[in-house]
Amino acid sequence: MRHRLLVPGAAALSLLLAIPASAAGFTPGAPGVGDSYYPESGNGGYDVSHYDLRLKYQPRTDLLEGTATLLAKTTQDLSRFNLDFGLKVSEIRVNGKKASFATSGKHELEVTPATPLEKGKQISVVVRYAGKPSELKIDNYSAWARTPDGAVIAQEPDAAVWWFPSNDHPTDKATYDISVAVPDGTQALSNGVLASQSSKLGWTRYNWRSDKPQATYLTTLAVGKFDITTDTTANGLPVINAVSKDLGANAGSARASIERTAEATEWLESVFGPYPFNAVGGYVPNVPAHYALETQTRPFYGEKAFDRGTNVSVVVHELAHQWYGDSVSLKDWKDIWINEGFAAYSQWLWSEKEGEGTAQELADYVYAQHPADDPFWKVKPGNPGAENQFDDAVYDRGALALQALRNKVGDKVFFGLLKSWPTEHRYGNASVTDFVKFAEKKSGKKLDGFFDTWLFQPSKPTAGAGKQAFGAAKSPVAEPKSWKQIAATHDVHRH
């Protein structure tokens with residue numbers, strides 16, 4: 001066969017010129033961000049700035065239909081990029097044009113746009129999908145929980161893949177508009193404020209807006225029948241609390257606990273500084289879960305979290321996360337102490353404020369309860385390992401480290417740290433190492449050895465760390481009045 005050299009006409013030439021000159025150098029985005037514990041979480045090559053989720057959910061059949069629009073910016077020349085998602089997709093458009101797609105791994109959705117995407121460009125991604133989230137199993141597990149009158153999604157570290165496509169890692173936070181249509185008589189709760197609500201042809205649509213950066217795992221949805229109360233804090237912050245109408249024996253203790261949300265938030269502002277988001281509250285659906293989760297602006301509480309009665313301490317813990325974990329999020333899941341150590345310590349400070357045991361008395365008690373050969377001391381809060389991410393030691397030893405820091409640097413510097421950290425890192429991400437450097441800068445003291453002892457050594461620190469020894473005042477150490485309620489939250493934090 002003979003070959004002819006074809007000289008392109010004007011139209012063909014313009015088409016060639018429309019393709020980036022360096023298209024050959026365009027490469028796929030990474031299928032993960034390289035997290036130490038969850039390497040498949042998140043994706044490389046782009047940063048999402050906003051999610052617009054338009055959903056319709058039928059509780060009777062568990063059918064979720066959705067159109068997700070992602071606004072993002074490319075961080076490299078992309079030939080292809082991944083989304084984390086598990087439901088069946090019918091169509092994807094990138095910048096308005098149909099894109100091809102395929103699935104891989106446990107929850108990877110590989111998207112190939114019609115033309116390569118240049119670095120530094122704003123892009124839009126529209127994904128149409130439908131499915132029954134409770135039937136989606138990853139490692140034989142589903143984070144989507146059906147209830148007698150609806151469903152709930154609130155889990156850590158993974159939740160988004162069951163209901164919307166995303167870049168599923170805390171380092172890529174975005175704002176959200178979440179619009180959900182449910183059958184009349186049923187409610188849909190999500191993050192932020194309720195921007196509008198309307199009914200048509202037997203369906204009611206709820207439009208929620210969260211206007212500050214939010215991690216994917218902190219994005220929640222609850223569909224069901226709730227008793228909802230609204231209020232404002234002293235500063236005018238909207239407070240939205242919800243308790244399932246079918247909660248049974250735990251209804252009273254659940255409501256009595258979360259109805260103190262406004263009070264606890266106002267107190268936490270005195271400790272951590274101004275509240276960082278556009279609303280606050282909490283919800284308790286009829287799902288037989290023991291755990292709670294700091295879903296942004298609207299923490300989730302499993303109804304069994306109140307099996308032993310009212311527990312305001314766990315409400316304080318989840319609200320403290322709005323500063324430590326939500327506004328300032330971890331860089332890597334190994335940095336879990338940045339979240340849990342501070343939230344646990346907030347419970348100790350609440351106990352001190354309520355006159356039920358000072359933080360020092362709680363530290364003395366925790367320290368004395370665990371002899372040197374206790375496995376408790378083998379867990380390193382600064383990097384506990386994925387298998388110990390929610391171990392008691394991350395919370396209790398993590399809080400103990402903060403009391404030791406308080407003793408070492410003094411109250412003025414310590415409480416200055418508690419306020420300045422979430423202020424100076426607001427809406428960002430940080431690591432344990434970042435906090436160590438921050439504490440050294442603010443205190444004027446060299447603290448790397450101190451933090452290594454308390455957070456990274458698999459052994460019991462000596463009692464005299466700081467100005468005051470732990471567990472040394474008297475023996476045996478008396479149990480603080482607040483301890484049983486604080487300890488009751490330990491099971492609550494096992495996800």
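Q: Which residues line the second largest cavity?
A: In this predicted model, the second largest cavity is lined by A143, A145, V152, A154, V287, Y291 and F300.

Q: How much space lies in the second largest cavity, and what classes of residue make up its lining?
A: The space in the second largest cavity comes to about 40 Å³, and its lining counts 7 nonpolar residues, with no polar and no charged residues among them.

Q: And how many cavities of 30 Å³ or more does the structure hold?
A: There are 2 cavities of 30 Å³ or more in the structure.

Q: Switching to the backbone, where is there a cis peptide bond?
A: A cis peptide bond links E156 to P157, with omega at about 5°, and P157 itself belongs to the loop that runs between β11 (150–153) and β12 (174–183).

Q: What about D139, what is phi there?
A: Phi of D139 is near 55°, which is a positive value in a residue other than glycine, and D139 sits in the loop between β9 (122–131) and β10 (144–147).

Q: Is D139 buried or exposed?
A: D139 has a relative accessible area of 56%, and because the cut-off for exposed is over 50%, D139 counts as exposed.

Q: What is phi of Y427, then, and where is that residue placed?
A: Phi of Y427 is near 65°, again a positive value in a residue other than glycine, and Y427 is found in the loop between α8 (411–424) and β23 (429–430).

Q: How does Y427 count in terms of accessibility?
A: Y427 is at 24% relative accessibility and so counts as partly exposed, since that class lies between the 20% and 50% cut-offs.

Q: New topic: in what order do the strands of the 4-stranded open sheet come?
A: The order is β1-β4-β8-β7, and the pairing in this open sheet is mixed. Its edge strands are β1 (27–28) and β7 (100–104), each of which pairs on one side only.

Q: How many bridges join β4 to β8?
A: Strand β4 (residues 78–84) and strand β8 (residues 108–112) run antiparallel and are joined by 4 bridges, and the bridge partner of F81 in β8 is V111.

Q: Last one, what does the UniProt annotation say about residues 308–454?
A: An unreviewed UniProt entry annotates residues 308–454 as "domain: Peptidase M1 membrane alanine aminopeptidase". In the model, the chain over residues 308–454 is 61% helix and 3% strand, with its end C-alpha atoms 32 Å apart.

Conventions: Residues numbered from 1 in each chain as written. Predicted model: local features only at pLDDT ≥ 70, side-chain atom pairs only at ≥ 80, totals over all residues. Heavy atoms only, no water. Helix = DSSP H or I, 4+ residues; strand = E, 2+ residues; numbered from the N terminus. Buried < 20%, exposed > 50% of the residue type's maximum accessible area, 1.4 Å probe, protein only. UniProt positions renumbered as here; feature names shortened; annotations may be inferred. Pairing = 2+ DSSP bridges. 1 Å grid on protein atoms, 1.4 Å probe; cavity = no way out; pocket = protein on both sides within 12 Å on 5 of 7 lines; lining within 4 Å. Points joined across faces, edges and corners; volume = space filled by probe spheres on them. Nonpolar A, V, L, I, M, F, W, Y, C, P; charged D, E, K, R; others polar.
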